[in-house]
Amino acid sequence: MTRADGTGGTSDGRLDPEALWALERADGAEKVQEAGDGARGSECGDPAAAVTAPDGGWGWVVLAATIIVLALTLAFPSCMGIFYTDLQNEFHASNSETSWVPSIMTSVLHAGGPFCSVLVERLGCRATVMLGGVLSGLGMRARLGFCFSFQPAVTILGHYFVRRRAFANAMSSTGTALGLCTLPFLGNYLHAELGWRGSFLVLGAVLLNSCVCGAVMRPLGAPERRRGPPLMNHGPPPEEGSAGEGSGRMRRAWSCLAAFLSKHMAFDQLRHNARYRAFAIGITWMMLGFVVPLVYLVPYATAYGMDQSRAALLLSILGLVNIVVRPPFGVLFSMPWFKGRHLYVFAWALLVNGLSNSICCVGPGFGVLLAYVTVYGLSMSVVGSLMYTVLMEVVEMSRFPSALGLLAIMESVTLLVGPPLAGFLIDRTGQYFHVFFASSAVVASSAVFLMVAFYWLDARDRKLSKRGRAPALPEPARPPVDLAPGCQYRSVPTEGDKDAASANGAENVTSI
């Protein structure tokens with residue numbers, strides 16, 4: 001019974017559930033039980049009643065596991081340069097043909113995003129990471145396993161960290177650096193002892209460690225929810241008659257396809273969210289030349305007489321620079337001053353990264369290439385630390401998995417054609433430095449595009465604010481759909497989240 005003073009209390013002085021819910025929303029607090037061992041209910045929680053992101057605790061274990069997963073997946077294609085000459089000689093292939101090996105590996109690693117999103121929905125983040133480890137370990141041909149490992153690891157990290165998200169993303173990105181630092185040494189040793197075939201078998205066994213990392217990524221608990229009827233039953237009733245039945249079947253199929261694309265690939269964000277659209281276009285163009293120098297650095301050095309082990313040392317130094325630099329960058333970028341400026345810092349670092357490739361054009365000497373990997377590594381550290389943080393800022397966290405999936409699909413196209421185009425350029429010119437010059441132009445131009453596009457969008461929003469109109473924001477948060485088992489929580493909102501929620505008239509709910 002509602003009290004006369006309008007507070008929504010019951011006759012015995014207690015607040016009824018609706019009044020308590022209203023007070024929680026008004027205060028902006030998330031007074032729900034903590035995640036962890038004491039969490040109740042099943043792994044698939046009710047989106048309306050989720051758990052708080054711990055921002056620590058077991059999250060540190062998940063962070064450590066994510067670092068190892070990224071070391072075993074994202075850094076692995078870059079180490080194929082050690083086996084580049086062996087593959088070329090074994091199969092009597094040109095540079096363009098041989099470059100398809102790391103190209104397809106990297107492309108499929110990203111292109112599996114939507115499939116990974118479906119598996120995360122059905123199996124949860126933990127099981128999907130373990131499945132990816134099995135696929136990667138069983139066969140070096142099963143490149144899709146890389147995607148199934150790294151993407152859920154990045155996703156579940158977003159559940160465990162909210163206030164410290166920039167720091168957690170920066171720390172997790174050290175996994176790529178760790179892989180760049182250690183895998184070249186391991187690959188070079190295995191290459192000398194076992195040849196390229198035996199090395200692939202041993203490296204496949206090493207990739208099985210992703211299963212161990214996935215096992216510790218336990219889901220955040222959430223209360224039980226009642227499951228409704230399946231999606232296929234939500235369509236309109238079938239019409240009578242054969243023509244009507246066929247038309248109804250087509251409408252239901254189209255409705256299911258539209259729901260699937262909206263859920264796992266953020267085409268709506270690509271249409272209506274200008275910031276996400278600009279970011280996706282810039283990153284897609286960037287990937288055409290971003291990984292090419294890592295593929296051709298070792299072949300470039302060895303082609304001019306440098307010892308194989310010394311050339312592999314360059315990749316390890318690159319990884320070491322990333323390991324040393326990324327943690328302090330993570331702490332630095334978590335400071336309040338960088339709030340709202342992450343994209344511009346990212347774009348400037350990307351510009352430096354692109355221009356650094358031109359250093360290789362000076363010559364193939366060890367001193368020149370050492371200076372190159374140092375500058376490249378410093379700028380790469382900033383790019384890797386901020387890439388997922390920027391993406392989480394331009395889209396609502398509830399849409400992050402689908403936005404990441406669509407971005408991964410777009411990236412996979414340029415990642416697929418980049419190395420073969422570079423190999424074709426080497427075959428036609430007979431010189432490696434043309435590749436580094438082309439990569440410099442591509443990556444630097446993508447950085448300029450991002451800076452100009454976001455500066456224009458910010459100026460437009462400021463102008464709209466002065467006119468008294470609300471700036472264009474991403475679409476209001478809809479009630480989240482049941483997505484990933486064990487991958488739902490209600491976060492303690494940051495200041496930016498609160499502003500976005502109040503502007504949209506919606507509660508800040510993070511559900512992936």
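The legends below describe several close-up views of one predicted protein model.

In this predicted model, local features need pLDDT of at least 70 and side-chain atom pairs count only at pLDDT 80 or more, whereas totals for chains, interfaces and linings use all residues. Residues are numbered from 1 along each chain as its sequence is written, and side-chain values use heavy atoms, with hydrogens and water left out.

**View 1. The protein chain as a whole.**
The secondary structure of the protein chain comes to 20 helices and two strands, where helices (H or I, at least four residues) and strands (E, at least two) are DSSP runs numbered from the N terminus. Of the 512 residues in the chain, 52% are buried; here buried means under 20% relative accessible area, exposed means over 50%, and partly exposed lies in between, with a 1.4 Å probe and protein chains only. The accessible surface comes to about 22,500 Å², and 65% of that surface belongs to carbon and sulfur atoms; these areas come from the Shrake-Rupley method with a 1.4 Å probe, and for residues only the protein chains shown count as cover. Among contacts (heavy atoms within 4.5 Å) between residues at least 6 apart in sequence, 81% join residues at least 24 apart.

**View 2. The largest nonpolar core.**
A nonpolar core is a set of buried Ala, Val, Leu, Ile, Met, Phe, Trp, Tyr and Cys residues joined through side-chain atoms within 4.5 Å, and the largest one in this model has 112 residues. The residues with the most contacts inside this core are Phe279, Phe290, Tyr296, Phe346 and Leu350. Helix H17 (residues 366–394) supplies the largest share of the core, with 15 residues. In soluble globular proteins, nonpolar side chains tend to be buried together.

**View 3. Helix H14 and its surroundings.**
Helix H14 (residues 292–303) has twelve residues and reaches 16 Å from its first C-alpha to its last, close to the 16 Å expected at 1.5 Å a residue, a span taken as 1.5 Å times one less than the number of residues. Ten of the twelve residues of H14 are buried, so this helix is largely enclosed by the rest of the structure; among the buried ones are Val292, Pro293, Leu297 and Ala301. Tyr296, also buried in H14, touches residues that include Tyr84, Asn95, Pro419, Ile426, Tyr432 and Phe436, when residues up to four places away in sequence are not counted. Just after H14, Gly305 takes a positive phi of about 95°.

**View 4. Aromatic pairs around Phe436.**
The structure holds 15 aromatic pairs, in which rings of Phe, Tyr and Trp (its six-membered ring) have centres within 6.5 Å, with planes under 30 degrees apart counted as stacked, over 60 as edge-to-face and the rest as tilted. Tyr300 and Phe436 form a tilted pair, at 5.1 Å centre to centre and with 50° between the planes. This pair links distant parts of the chain, since Tyr300 is in helix H14 and Phe436 is in helix H19 (residues 433–466), 136 residues apart. Tyr372 and Phe436 form an edge-to-face pair, at 6.2 Å centre to centre and with 80° between the planes. Tyr372 lies in helix H17 and Phe436 in helix H19, so the pair ties together parts that are 64 residues apart in sequence. Tyr372 is buried, with a relative accessible area of 2%, and Phe436 is buried at 0%. Ring pairs link Phe290, Tyr296, Tyr300, Tyr304, Tyr372, Tyr376, Tyr432 and Phe436 into a cluster.

Trp285 lies in helix H13 (residues 274–290) and counts as partly exposed, at 41% relative accessibility. Leaving aside neighbours within four places in sequence, Trp285 is in contact with Val442, Ser445 and Ser446. The C-alpha atoms of Trp285 and Phe449 are separated by 9.7 Å, although these residues are 164 residues apart along the chain. Ser356, by contrast, has its place in helix H16 (residues 342–356) and counts as buried at 3% relative accessibility; with neighbours within four places again left aside, Ser356 is in contact with Tyr372, Val375 and Tyr376.

**View 5. Cysteines without a disulfide.**
A search of the whole structure finds zero disulfides, a disulfide being a pair of cysteine sulfur atoms within 2.5 Å. For Cys211, the nearest cysteine sulfur is that of Cys213, 9.0 Å away, and Cys211 counts as buried at 15% relative accessibility. The sulfur of Cys361 is 6.9 Å from the closest cysteine sulfur, in Cys360, which is too far for a bond, and Cys361 counts as partly exposed at 30% relative accessibility.
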